[in-house]
Amino acid sequence: NEEEETLRTAAVGALALMNSAPAQESIAKVALADDSSEDLRLASFGALSESAQRFGNLLGEKLVEQVVTAASETPDLVMRTAASQALGALNLATNQASEIIRKYNRDS
């Protein structure tokens, strides 16, 4: 339903404005959910990027690992790019970004 999709997209955008770990985790869960539409997932990765830029990384380790996996292994390049941008905004202390770049270059 188009109205429902619009409402969900607006909700993840609103959650991005909240300095709250549960809000950021909810955004990530929608972005990572295979049963979410592509448009909603892309909007959610964008909202996750915005939230992380505003408030830093508020995700738990498990969700961070899932975003890393999405950024490095998602077959759809558009979705992988969106996940990578969110991962970059999370500004992780580890060197996972360079690992993803190396993996991408090996896969190309």
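What follows is a chat about the helices and a few residues in them.

Trainee: What should I know before I start?
Mentor: This is a predicted model, where local features need pLDDT of at least 70 and side-chain atom pairs count only at pLDDT 80 or more, while totals for chains, interfaces and linings use all residues. Residues are numbered from 1 along each chain as its sequence is written, and side-chain values use heavy atoms, with hydrogens and water left out.

Trainee: How many helices and strands are there in the protein chain?
Mentor: There are 6 helices and 0 strands. Helices here are DSSP runs of H or I with at least four residues, strands are runs of E with at least two, and both are numbered from the N terminus.

Trainee: And what percentage of the residues count as buried?
Mentor: 36% of the 108 residues in the protein chain. Buried means under 20% relative accessible area, exposed over 50%, and partly exposed in between (1.4 Å probe, protein chains only).

Trainee: Let's look at α2. Which residues are buried there?
Mentor: Ala23, Gln24, Ile27, Ala28, Ala31 and Leu32. They cover an arc of only 165° around the axis, so they sit on the same side of α2. That arc is taken from the directions from the helix axis to the C-beta atoms.

Trainee: What's on the face turned away from that buried side?
Mentor: Pro22 and Lys29, which are exposed.

Trainee: OK, and what covers the buried residues of α2?
Mentor: The cover includes α1 (2-15), α3 (38-55), α4 (61-73) and α5 (77-90).

Trainee: Which residue caps the N-terminal end of α2?
Mentor: Ser20 does, with a side-chain oxygen 3.2 Å from the backbone nitrogen of Ala23.

Trainee: What does Arg41 contact, then?
Mentor: Beyond its neighbours within four places in sequence, Arg41 contacts Val30, Ala31, Leu32, Ala33, Asp34, Ser36 and Met79. Contact means heavy atoms within 4.5 Å.

Trainee: What about Ser51, buried or exposed?
Mentor: Buried, at a relative accessible area of 0%. Ser51 is also in helix α3, and leaving aside neighbours within four places in sequence, Ser51 is in contact with Ala16, Gln24, Ile27 and Gly56.

Key:
A polar contact is a pair of N or O atoms within 3.5 Å; within protein, one must be able to donate a hydrogen and the other to accept it, and residues adjacent in sequence count only if both atoms are side-chain atoms.
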